Amino acid sequence: MNIKDNLLSLSNAVGLGNIYHAANIAFDIISKYTTATKNGLNIIGRLEGMGDYTLLLEAHIDEVGFIVTDIDSDGFLTVKNCGGIDLRALPARVVTIHGKREVTGVFCATPPHLAKGEQKYDDISTLKIDSLLGDTARDIISVGDFVSFKQEAVPMLNNQVTGKSLDNRAGVACLLETAKRLSGKELPFNVVFALTNEEELGHRGAKTAAFSACTDEALVLDVSFADGPDIAAKDCGRLSGGGMIGISPVLDKELSNKLADIAKENNIPYQLEVMGGATGTNSDVISISKSGVKTGLISIPLRNMHTDVETVCIDDLISVCDLLEQYVLGGALL
């Protein structure tokens, strides 16, 4: 399967709480190219190179979603969000409720004819999910069941894709493709691929992955804001403009500079993303693992973040893979 096919497959799968459908797909793929294990929250793939130096390549595989907190007698569910959710985008969205069996539900939307004043979307407890099961809902659904967006990923024009959980299945797809490209090649050092869980809940998987990898340096893949209406160019990247190389006080400047130099030398499209402090990604915790790790960040431009219609350009993913491949074969910071 090519990188687009992998991305579509990963996007359609669920990775939330104790539901590991996406992780199982990723594990089957990365096992073809690396020595792969499931380690606690994470999937770890390893390629042996020459010497003891180790580079960690990381991307999180979990997605945002919901957990049921109440079920009323008419089958309407109250939920809390698992991770950051854009509440404005929830009314009329279709979801899957992972109860004793999967149930399709929908976030209720008050018709504008019946709405009283301006609708406010600042409290998720007011946005009920209709299970359509009426008074039988409690026979199938329990408090504590997880709820995920129900949305099929769709290829679009100009080599773009829209769907749920592209944050950060786009980064995962890049790592799977990079593992495929590097497999069987003579590598200057060891390369560890970490597909981590629970980033959306506080970088939990990345903390354990970085600790156990004992890595000398790390590159984190995630997504960042892409251009769109009413978004200032200085606050975002450009869709189809290439991967966004992070520059921040918490990132290793030498590593960031080398990534940019390699991109220039190999005519690989790239952009710079400058941040004044923490990046909000797993690089924040990986960089301070153990006694500290030289860490870089490459983000994929993404529109409509934390919704079920996130959008990326496959050309950007390929640019990121090209950059990772050249960075590894060029010796990283050795």
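Strand β5 (residues 54-60) is joined to strand β15 by five bridges, and the two run parallel. Strands here are DSSP runs of E with at least two residues, helices are DSSP runs of H or I with at least four, and both are numbered from the N terminus. Two strands pair if DSSP finds at least two bridges between them. The model is predicted, so local features need pLDDT of at least 70 and side-chain atom pairs count only at pLDDT 80 or more, while totals for chains, interfaces and linings use all residues. Residues are numbered from 1 along each chain as its sequence is written, and side-chain values use heavy atoms, with hydrogens and water left out.

Strand β15 is mostly covered, with eight of its nine residues buried. Buried means under 20% relative accessible area, exposed means over 50%, and partly exposed lies in between (1.4 Å probe, protein chains only).

A closed barrel is built from six strands. Its order is β6-β7-β10-β9-β8-β11, and the pairing is antiparallel. Strand β9 (residues 102-107) and strand β10 (residues 129-130) pair over two bridges in the antiparallel sense. Val106 stands opposite Asp130 of β10. The loop between β9 and β10 holds Lys120. Lys120 counts as exposed because its relative accessibility is 65%. Lys120 and Arg88 are 32 residues apart along the chain, and their C-alpha atoms are separated by 8.3 Å.

An open sheet of three strands has the order β12-β13-β19, with antiparallel pairing. Its edge strands are β12 (154-156) and β19 (310-313), each of which pairs on one side only. Neighbouring strands of this sheet are turned by 25 degrees against each other on average, direction ignored. Three bridges connect β12 with strand β13 (residues 160-163) in the antiparallel sense. In this pair, Val154 stands opposite Thr162 of β13.

Two helices lie across strands of this sheet. Helix α4 lies across β13 and β19, running at about 25 degrees to β19. Helix α8 also lies across β13 and β19, but runs at about 55 degrees to β19. Axes are lines fitted to C-alpha atoms, for helices over the stretch in contact, and angles run from 0 to 180 degrees between N-to-C directions. Contact means heavy atoms within 4.5 Å.

Two packed helices are described by the angle between their axes and the distance between the axes. The axes of helix α1 (residues 3-12) and helix α4 (residues 166-182) come within 9 Å and cross at roughly 140 degrees. The two helices are therefore oblique to each other. Angles under 35 degrees count as roughly parallel, over 145 as roughly antiparallel, 65 to 115 as roughly perpendicular, and the rest as oblique. Helix α1 passes α4 in a right-handed crossing. A crossing is right-handed if the near helix is turned clockwise from the far one by less than a right angle, and left-handed if anticlockwise. From α1, the contact involves Ile3, Leu7, Leu10 and Ser11. Their counterparts in α4 include Leu166, Arg169, Ala170 and Glu177. The contact residues divide into nine nonpolar, one polar and two charged. Ala, Val, Leu, Ile, Met, Phe, Trp, Tyr, Cys and Pro count as nonpolar, Asp, Glu, Lys and Arg as charged, and the others, Gly among them, as polar.

Helix α6 (residues 253-265) packs on helix α8 (residues 314-329) at an angle of about 110 degrees, with the axes 10 Å apart. That makes α6 roughly perpendicular to α8. Their crossing is right-handed. Leu255, Lys258, Leu259, Ile262 and Ala263 of α6 meet Leu323, Gln326 and Tyr327 of α8. This contact comprises six nonpolar residues, one polar and one charged.

Two residues of α8 can be followed individually. Gln326 lies in α8 and is partly exposed, with a relative accessible area of 30%. Not counting residues up to four places away in sequence, Gln326 touches Ile262, Asn266 and Ile268. Gln326 and Lys180 are 146 residues apart in sequence and 14 Å apart in space, C-alpha to C-alpha. Glu325 is also in α8. Glu325 counts as buried, at 12% relative accessibility. With residues up to four places away in sequence not counted, Glu325 touches Arg181, Leu182 and Lys185.
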